[in-house]
Amino acid sequence: MRILIAEDDLTSMSMLAAVLQKAGHEVVEAADGAQAWEVLHKTGAPKLAILDWSMPEMDGLEVVRRVRMLETDCPPYIIMLTTRDQKTDIVTGLEAGADDYLAKPFDIGELRARVNAGRRMILLQNELREREKLQGVLEMAGAVCHELNQPLQSVLSLTELLMMEVDPGDPNFIKIRTIKEGVDRIAELTRKIRRTAQYRSKPYLSGRIIDIEGASQGENNHGNERKSDTGRG
Amino acid sequence: MEMKEKAILVVDDEGAILDIFDQVFDGTGFRVVRADCAETALEILEEKPIDVMFLDLHLPQMNGIELCRIVKSKFPHSVVYAMTGYSNLYEVASCHAAGFDDYFEKPVGIQMLREAAEKAFARTGA
């Protein structure tokens, strides 16, 4: 994971960077608050930031406040570095929007643990966001299906009635049959979308896209097959 | 013994769907009685019970599930089918709980509608 470290103390910066790089993270360094803000307010910014409280140009608290003012659906997880025993600062930092804090001089094990906790939170938020997006798309798909299936019922029934009335030798029969084939295809598509939409209550949320074909193939496996028929008559 | 009339009550707020049912059952020995909402359907049933019905789930005011519950409590021997243009799993579960005898997703083929009606009347003994 990419992690921003904003720290003006070079020794502290080196230690933080070394520990995090050893744990497999990519480190982005900022020597002061202004640099940290430069990185964090741009798209593609690291999703986890460790900000020292006291920095030149702009302190960590101000960076947190600014970052929390940004309109984004993916805000970074922020860990504040504070000096030990400054309880008031910790409360102020958390209330300004920091997610966690780490007291200096920091313990390596604690740093790793807090970064891991942040990573878990970020993953959880990502999953939640994907779930919300999927939910929105599925709800829209459901509404579209409903609107499509009402007129489709009329077209299908009338086409089937016509096919019963017209002699198969009549040139118009082929035209009507072609219309029915088109209706069947649309009906099949709405059925697939419906099956996909029904997956919202199932543990099918790891995917990033909605696979209509794939999702609809599972329809017979969960004992929920519906009656619907466009192929007969 | 007097034979019951083979009337089918169709409840749907879209006139086009009611027209379709008229045409689908025209000349098949069934008579379609139309209702555009649950309240009208109940009034019709109070006047003259109809044993077989197709209810759209999405109706204005009282929905198809509530209507089915009332119909089944008053006329437990009736055969009630649900129809819907879209549904989720919760709705399907609610259909079973409400007492629907079967469930159809639109668009439903003519043959399936006619067979469903035949089966329903076979069950009611009409």
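This is a predicted model: local features need pLDDT of at least 70, side-chain atom pairs count only at pLDDT 80 or more; totals for chains, interfaces and linings use all residues.
I5(A) has I50(A) of β3(A) as its bridge partner.

- The open sheet in chain A has five strands, ordered β2-β1-β3-β4-β5, and their pairing is parallel.
- At its edges stand β2 (26-30) and β5 (100-104) of chain A; each has a single partner strand, so one side of each is left without a neighbour in the sheet.
- On average, neighbouring strands of this sheet are turned by 20° against each other, direction ignored.

**Helix α1 of chain A**
- Helix α1 (residues 10-22) of chain A lies across β1, β2, β3 and β5 of chain A, and runs at about 165° to β2(A).
- From first C-alpha to last, the 13 residues of α1(A) reach 18 Å, close to the 18 Å expected at 1.5 Å a residue.
- Just after α1(A) comes G24(A), with a positive phi of about 95°.

**Helix α5 of chain A**
- Helix α5 (residues 108-165) of chain A lies across β3, β4 (77-83) and β5 of chain A, and its direction is at about 170° to β5(A).
- With 58 residues at 1.5 Å a residue, α5(A) should span 86 Å, and its end C-alpha atoms are 83 Å apart, which agrees.
- At L152(A), α5(A) bends by about 25°.

**The nonpolar cores**
- The largest nonpolar core has 41 residues, and the members that touch the most others are I8(B), V11(B), M53(B), L55(B) and Y81(B).
- Leaving aside residues up to four places away in sequence, I8(B) touches F25(B), F30(B), V32(B), V33(B), V52(B), M53(B), F54(B) and A117(B).
- Another core, of 29 residues, lies apart from it and includes L16(A), W37(A), L48(A) and Y101(A).
- In soluble globular proteins, nonpolar side chains tend to be buried together.

**Strand β1 of chain B**
- Strand β1 (residues 7-11) of chain B is largely enclosed by the rest of the structure, because four of its five residues are buried.
- Five bridges join β1(B) to strand β2 (residues 31-35) of chain B, and the two run parallel.
- Within β2(B), A35(B) is the bridge partner of V11(B).

Methods:
Residues are numbered from 1 along each chain as its sequence is written. Chains are lettered from A and ligands numbered from 1 in the order in which they are written. Two strands pair if DSSP finds at least two bridges between them. Axes are lines fitted to C-alpha atoms, for helices over the stretch in contact, and angles run from 0 to 180 degrees between N-to-C directions. Two residues are in contact if their C-beta atoms, placed from the backbone, lie within 7 Å. The expected span of a helix is 1.5 Å times one less than its number of residues. The bend at a residue is the angle between axes fitted to the seven residues ending there and the seven starting there. A nonpolar core is a set of buried Ala, Val, Leu, Ile, Met, Phe, Trp, Tyr and Cys residues joined through C-beta atoms within 7 Å. A residue is buried if 20 or more other C-beta atoms lie within 10 Å of its own, exposed if 12 or fewer, and partly exposed in between; C-beta atoms are placed from the backbone.
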